[in-house]
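Here are some notes for a colleague who is opening this entry for the first time. Please read them with the sequence and the model side by side.

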Amino acid sequence: MGKKYKVFVFDWDGTLFDSMKVKVRNAAIILRRFLQNRDSERAPQSLDEIENKYLEYSGLPRRQVFDAVFSSFAGWELPSTEYEMLSQEFSALNIESLRMSMLFEDARAFLGRIGVQSSPTKLFISSSVPTAELAHITGERLNADQKSIFSRIMRSEERRVGKVCRSRW
């Protein structure tokens, strides 16, 4: 007899939702432009360099990823005000760029199958994306049936301290 699982946690970007290429490119564009404006001699000429560095830290909270990328190229971490500005710009670009992105086909099929089962299993979406951006994108990209099978959205920072994000659709 197989195990009965009570909880499944799905990563959003790159697992359920086809967004990673777009987000990595968006980050590279924003971060390179900022680096060029602040320290043109140290700024990478290629978006690929920034994309590769971004991918090394992907999955961590955005602040940690941005700090790691800047530190590796410029040798300094972003001040809070500049981080907030870049993060907002990145979120806006992601929301706009991902309007046409879809759930992966196998994710759609799985969610359809699990959604029709009457099961005590709880499903969660997990992501390192800021809550407002994630809520906006999941709100647009999931249909009502898909939304109804998820209990909550959790951010990576909140998972680490045992808190659940209160975002609902």
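1. Helix α2 (residues 47-57) and helix α3 (residues 62-74) pack with their axes 9 Å apart and at an angle of about 135 degrees, where axes are lines fitted to C-alpha atoms, for helices over the stretch in contact, and angles run from 0 to 180 degrees between N-to-C directions. The helices α2 and α3 are therefore oblique to each other, given that angles under 35 degrees count as roughly parallel, over 145 as roughly antiparallel, 65 to 115 as roughly perpendicular and the rest as oblique. Helices here (H or I, at least four residues) are DSSP runs, numbered from the N terminus.

2. The crossing of α2 and α3 is right-handed, a term used if the near helix is turned clockwise from the far one by less than a right angle. On the α2 side the contact (heavy atoms within 4.5 Å) is made by Glu49, Ile50, Lys53, Tyr54 and Tyr57, and on the α3 side by Val65, Phe66, Ala68, Val69, Ser72 and Phe73. Sorted by class, this contact of α2 with α3 has 8 nonpolar, 1 polar and 2 charged residues, where Ala, Val, Leu, Ile, Met, Phe, Trp, Tyr, Cys and Pro count as nonpolar, Asp, Glu, Lys and Arg as charged, and the others, Gly among them, as polar.

3. This is a predicted model, in which local features need pLDDT of at least 70 and side-chain atom pairs count only at pLDDT 80 or more, while totals for chains, interfaces and linings use all residues. Residues are numbered from 1 along each chain as its sequence is written, and side-chain values use heavy atoms, with hydrogens and water left out.

4. The axes of α3 and helix α4 (residues 80-97) cross at roughly 110 degrees and come within 11 Å, and α3 and α4 are therefore roughly perpendicular to each other. Their crossing is right-handed. In α3, Arg62, Arg63, Phe66 and Phe70 meet Ser80, Tyr83, Leu86, Ser87, Phe90, Ser91 and Asn94 of α4, and by class this contact has 5 nonpolar, 4 polar and 2 charged residues.

Key. Helix = DSSP H or I, 4+ residues; strand = E, 2+ residues; numbered from the N terminus.
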